[in-house]
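Me: Hey, can you walk me through this structure bit by bit? I'd like to start with one spot and then look around.

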Amino acid sequence: MEAPPLSHQMAAAARCIAGVHAGHSLTELLPAVPAGLRPGVQALVFDTLRQAGTARELLRHLAERAPPPRVAALLELALALLVQGNAYPEHTVVDQAVQALPLLRAPALRGFVNACLRRFLRERPALLERAHAHPQGRWNHPAWWVQRVQNDHPLQWAELLEADNVAAPLVLRVNRRQITRADYLAQLVLQGLSAEPIGTEGLVLQRAVPVQQLPGWDAGWVSVQDGAAQLAAPLLLGAGLRPGARVLDACAAPGGKSAHLLELADLELWALDADAHRVERIHETLQRLRLPAAGSAVQVRHADAAEPAPWWDGRPFEAILLDAPCTASGIVRRHPDVRWLRRPGDVERLAAQQARLLRALWPLLAPGGRLLYATCSVFRAEGEQVVAAFLRQHPQARLGPSPGHLLPGGRATTPAGDALLAAHAMGDNARRGMDGFFYALLLKG
């Protein structure tokens, strides 16, 4: 099938980019793009949002007055492509951006867009120098985000921000209830795909493909799950729980970590989520993976983990996973819209919610039990600061062996964290398949 014209892809991408700047997530914007356009549009949008700080600073210097939102987004897209310089010839980018304007109902701005882009090509070095003088333009994150990362990770902040702007690889988790990792790797080779092991069940693919093209996808042989997220189940289970142990996954949707727990052990698992629509995703995930297997029992519930009274039966859990709602600042490699959607006040608001969840769930944990607190955030306010405050308030809680903060690309921020990653077979080469995360294992009594 012939690819749609670049101008059509650029127009659709500009609508999505403008939608992000208006506060909408790509999760809701991309499904509205026609199926024939969607793969190309997604690639353009992701590339642009990873360069949007530079592009927006350039546009500020190129245009005396801000153009309409969709035209501004189109210019951001074109400037991002020109800055990268390797996707399309320069004249093609300029021409197709101009051709996209009628599709955005802005044909009268053809001369303006053409002039902006041609001026950039003429004055590129000087304009880039001016754009890079601003933190947003240099690092392609909001200035407040750059400042917070600098404060939180003074030794690794630049490396962290650079890693955010590189597309993450496709990482799989092999369902050991269905197939061994060695056998699945052989299936990949038969299809001309290569992968590198990560952890005990993971594989980092050298080349991403649509999941429907993966061997055994519909049969539940594998799931897509980042390498850092694959640490949750083994960290919670530790040396092993008794067969049939009661385990709670408190914020479970879409079900990836619940499924991993059930792949590794026979459990009585409760999976909760406060979003009714996302609870359906848990059911879908478990159904595709043929879970629960014999020996396990699962209850999937629409419930607020912060308010246990309506749903808890009074019997304590031996292990609790709290993968708490957070800013998602650790996964912007995969979700480049997140950095532009968040606001500074979101960090403290979500940290307060995380602390509330911890306080509510701790009484549900049996003496001698273990609670794994996790966030996909690199901000210390959502990780070590939440845990430190909790430990001060709960003297019967103690911190077990924990990775702490993990940075995108698989670097721990402490030697103890690096040692724990090595113990979980997270080798140096495969760690590129890891997002930013925080883990703290809390032991009771």
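Predicted model: local features only at pLDDT ≥ 70, side-chain atom pairs only at ≥ 80, totals over all residues.

Me: Is aspartate 304 buried, exposed or partly exposed?

Reply: Aspartate 304 is partly exposed: its relative accessible area is 32%. That puts it in between because buried means under 20% and exposed means over 50%.

Me: Ok, and which residues does aspartate 304 touch, leaving out those up to four places away in sequence?

Reply: With those left out, aspartate 304 touches Ala274 and Trp311.

Me: Which residues of H3 are buried?

Reply: Val41, Leu44, Val45, Phe46, Thr48, Leu49 and Arg50.

Me: And what do the buried residues of H3 pack against?

Reply: Other helices, including helix H1 (6-21), helix H4 (52-62), helix H5 (69-84) and helix H16 (338-341).

Me: Now sheets. What is the strand order in the open sheet of four strands?

Reply: The order is E2-E3-E1-E4, and the pairing is antiparallel. Strand E2 (195-198) and strand E4 (222-224) are at the edges with a single partner strand each, so one side of each has no neighbour in the sheet. From one strand to the next, the twist averages 30°.

Me: How many bridges hold E1 and E4 together?

Reply: Three, with strand E1 (residues 171-174) running antiparallel to E4. Leucine 172 is opposite valine 224 in E4.

Me: Which helix packs on that sheet?

Reply: Helix H12 (residues 181-190) does, touching E1, E2, strand E3 (202-205) and E4. The direction of H12 makes about 20° with that of E3.

Me: Last one: which strands does E11 pair with?

Reply: Strand E11 (residues 404-407) pairs antiparallel with strand E13 (residues 437-444) over three bridges, and glycine 404 stands opposite tyrosine 439 in E13. Two bridges also join E11 to strand E12 (residues 411-412), again antiparallel. There, leucine 407 has arginine 411 as its bridge partner.

Me: What sits between E11 and E12?

Reply: Three residues, as the two strands form a hairpin. Glycine 409 in the turn has a positive phi of about 95°.

Methods:
Residues numbered from 1 in each chain as written. Heavy atoms only, no water. Buried < 20%, exposed > 50% of the residue type's maximum accessible area, 1.4 Å probe, protein only. Contact = heavy atoms within 4.5 Å. Pairing = 2+ DSSP bridges. Axes fitted to C-alpha atoms, helices over the stretch in contact; angles between N-to-C directions.
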